[in-house]
Amino acid sequence: MTPSVLDEFQELARQSLRASRSDDDSESSMSDVLELALRNPGSRPLLADAFLAVLGVGGRDRIEGAAELVPYCMRTLRWAEVRTQLEAELTTSVSANDWRAVAVLNHALAAFEDTWEDATRYARYREAE
Amino acid sequence: MIEEAELQLQSWRGRPLDMAFLRAALGSYWMLIDTLDKPGTGMGWTPSQSIAGAEEQAEQTGWLADVGNYSRARADDDMLSGEQGAQDLFNLLMSGSDEGRAAILTDMLRRGELLKFLHRLGFAYSKALHDALPTGYGEIKNALQSVWRREGALGTDLEHPEEQTRSLNAMVEDWAEDSVLGKITDVVLDVGTFGFNETYGDLRDSRAQGLITDEEYDDAVAHAALKTAAVATVAMASGGMADKAVRGGAASVGLARSLTAGAVGGAVGGVADVGTADAYDVYVSGTKDGFSSPEDYVKAALLGGAIGAGFSGVAEGLSRGTSKYLARGATAEAAEAGELASTLDGVGVAKRPVGKIAEQPVDIEGGHRLKAFQRESGVDLILCSECGPVLDKLRSLSQKLPPEDPLRVRLGEMEKQVDALQKQIDSGAVAGEAVDGELAKIAQDLEQLHGEHHGKAGECAFCAVERSAGLPDETFSNKFPDHEVGVPFTFSPQRLMTKSGRFNYVVTTERRLIVGEIANEVGGGHIDLAGGHDVLAAGEVVLERGEVMRLDNSSGHYEPHGPSPARIAEEAFEQAGFRGATGRYVEKRWDPARNKWIRVETP
């Protein structure tokens with residue numbers, strides 16, 4: 001348990017949401033979250049849980065953040081445990097006709113696929129893909 | 001003397017046990033006969049070989065009996081070679097003794113091969129094997145009875161076997177032997193049905209007698225029927241020159257017959273309303289089977305003539321199934337076909353492979369291509385994936401216009417043109433480069449339509465017509481009215497001009513564009529943007545500083561679809577000042593198997 005990493009995650013996630021709702025560049029704060037995860041491999045279980053909390057997966061208490069934060073970071077991280085939980089959540093959401101959740105989860109899972117349509121939207125991935 | 005002994009022994013060849021007795025009885029004479037045989041000059045086998053075979057059989061099967069020419073190895077080979085093999089195996093079985101046959105059938109039953117073998121033959125064969133069994137062998141008899149003791153064979157009552165319905169052909173032929181009217185009817189039937197009645201009658205009698213299986217019967221009738229339809233079609237279209245057009249020649253149909261058929265057709269004009277469907281019921285489906293009186297025969301004869309008469313009246317285009325029986329080049333000549341031909345197609349014919357046949361560009365800005373696709377059900381022309389098949393679109397547009405509207409008249413003419421071309425391609429009457437030529441003509445009409453209705457770049461002709469003709473917009477309701485509706489986080493068009501990202505959007509029934517955040521909470525969906533009310537369009541949009549990069553209809557709450565929301569969404573973004581909306585709309589559908597929205601591809 002490294003509270004400082006989680007605190008930093010929560011702060012950067014909040015910034016990503018603020019940026020997405022304003023005229024600021026939201027990629028900058030999302031990129032900071034990704035760098036945090038890459039710098040702290042030992043905190044992977046904690047951060048995996050935090051990413052899922054951004055989307056409220058599995059009834060977790062939400063961490064405020066932009067929905068696109070999860071696909072943006074997972075495109076690089078490719079954490080299987082996150083993907084598995086997203087897929088399970090998607091199945092549940094489809095069964096419940098929760099189309100708001102379906103849309104968000106679909107976009108998050110798309111980042112795990114070989115070709116990612118949203119890659120062109122971000123400077124980090126635009127040229128690489 | 002020795003040759004005589006050889007001949008005597010030959011008759012005992014299938015009876016190794018008796019042969020063994022003869023070997024003991026003949027003593028040294030046996031050796032003389034046994035060693036004198038030479039291939040091609042004597043029996044082709046030696047008596048000792050026959051006995052050795054029987055002993056081998058006993059080792060393999062545990063039984064030693066007179067099995068005639070049967071051997072398990074040969075039987076296995078025969079069983080693998082289909083109907084003829086089954087026939088050969090039956091002959092082998094019948095060459096042995098009753099006890100030997102029973103032993104073989106027991107062996108086949110235990111190996112699970114008996115019923116497979118029996119079902120390759122008509123039920124009469126099972127009945128023959130059954131009746132040839134000695135007392136006992138209940139298990140084998142039950143298996144054999146399962147084949148012939150049923151409805152459609154000899155019935156379920158052993159004491160009173162079902163009387164088999166004879167074919168019309170057989171009954172009329174018997175009748176023809178006794179009366180002039182019968183003779184006339186026989187000729188009329190044969191001529192009026194282009195020989196099909198005779199072929200069909202033979203097949204039907206064979207099935208009724210249990211000589212062929214139901215599958216063999218169905219297959220043979222289908223081919224006979226289709227060939228007949230092809231012959232009749234060509235005869236009607238070419239004035240009786242059917243012989244030249246039918247693949248491999250038409251042995252049963254000559255010029256005189258074809259011409260006579262025309263005469264028959266004329267003679268039965270009064271019953272033309274009987275129609276081809278009735279004829280089909282009598283001759284192919286069998287639902288009007290079992291004629292029993294001379295009146296019925298005459299009626300059937302008239303129906304036979306009605307086939308000929310019917311062709312000229314219901315000509316529409318030679319169908320795919322029948323055209324395969326025609327010689328190359330004859331299809332176009334025989335394009336005037338009847339509904340019987342397409343009805344007969346239902347009997348079962350291999351279809352053409354489905355897929356794209358040809359395509360032609362429609363010369364408008366943004367480009368569209370007019371494509372012809374072969375489908376199971378026929379040929380479809382497709383212009384725009386959002387609009388679906390051209391024919392359907394023309395019809396739906398026409399229905400929205402007043403009957404006297406000149407646009408409706410024009411669309412109606414195009415509809416006829418497209419319908420005719422689809423049928424001609426489907427029948428093979430238009431093929432190869434001719435398809436490209438005909439498609440190009442329709443593509444030109446669509447270009448003109450697009451231009452006349454001030455079509456925009458990337459907009460298809462139909463979308464242009466819908467927009468400019470002021471046709472009613474389609475509305476889509478919230479499919480889950482019980483879902484909670486929240487306050488969305490929205491963006492004004494002005495703010496969006498400087499933003500990039502993926503957003504939800506709806507176009508309300510007042511044509512107001514509302515764009516908002518995508519979130520998996522109440523407030524983050526399309527119903528939140530629309531306040532739960534009906535919409536004209538809904539989906540997601542990807543914007544990049546004032547330009548529409550992608551636009552779709554992925555909304556699970558509203559599921560908008562078709563050209564109307566596509567047109568309205570593009571227009572709404574254009575009118576709000578965004579660049580590039582026209583032509584960027586992609587129709588998607590929810591794929592439950594993959595749990596995702598997928599693009600609707602042009603079929």
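What area is buried between chain B and chain A, and what share of it do carbon and sulfur atoms give? The legends below take up this question and others. This is a predicted model, in which local features need pLDDT of at least 70 and side-chain atom pairs count only at pLDDT 80 or more, while totals for chains, interfaces and linings use all residues. Residues are numbered from 1 along each chain as its sequence is written, chains are lettered from A and ligands numbered from 1 in the order in which they are written, and side-chain values use heavy atoms, with hydrogens and water left out.

**View 1. The interface of chain B and chain A.** About 2,400 Å² is buried between chain B and chain A, and carbon and sulfur atoms give 47% of this area. Buried area is the accessible area (1.4 Å probe) that two parts lose on being put together, summed over both. R502(B), N520(B) and N595(B) supply 25% of the area that chain B buries against chain A, more than any other three residues. Chain B brings 32 residues to the contact and chain A brings 27 residues, where contact means heavy atoms within 4.5 Å.

View 2. On the side of chain B that touches chain A, the elements giving two or more residues are β6, α27, β8 and β12 (596-599) of chain B. Helices (H or I, at least four residues) and strands (E, at least two) are DSSP runs, numbered from the N terminus. One of the salt bridges joins D118(A) to R502(B), at 2.6 Å from N to O. Both residues belong to a network of salt bridges that links E68(A), E117(A), D118(A), R121(A), R502(B), E540(B) and R550(B).

**View 3. The salt bridge of E521(B) and R62(A).** In this pair the closest N and O atoms are 3.3 Å apart. E521(B) lies in the loop between β7 (513-516) and α27 (526-530) of chain B, and R62(A) in the loop between α3 and α4 of chain A, so the pair joins two chains. E521(B) is partly exposed, with a relative accessible area of 42%, and R62(A) is partly exposed at 35%. Buried means under 20% relative accessible area, exposed over 50%, and partly exposed in between (1.4 Å probe, protein chains only).

**View 4. The salt bridge of R44(A) and E81(A).** The side chains of R44(A) and E81(A) meet at 2.7 Å, N to O. R44(A) lies in helix α3 (residues 44-54) and E81(A) in helix α5 (residues 80-95) of chain A, so the pair ties together parts that are 37 residues apart in sequence. R44(A) is partly exposed, at 31%, and E81(A) is partly exposed, at 32%.

**View 5. The open sheet of chain B.** Six strands of chain B form an open sheet in the order β5-β7-β6-β8-β9-β10, with mixed pairing. Two strands pair if DSSP finds at least two bridges between them. The edge strands β5 (490-491) and β10 (585-586) of chain B each pair on one side only. Strands β8 (residues 535-544) and β9 (residues 547-552) of chain B are antiparallel and pair over four bridges. V541(B) stands opposite L551(B) in β9(B).

Definitions and conventions: Salt bridge = Lys/Arg side-chain N within 4 Å of Asp/Glu carboxyl O.
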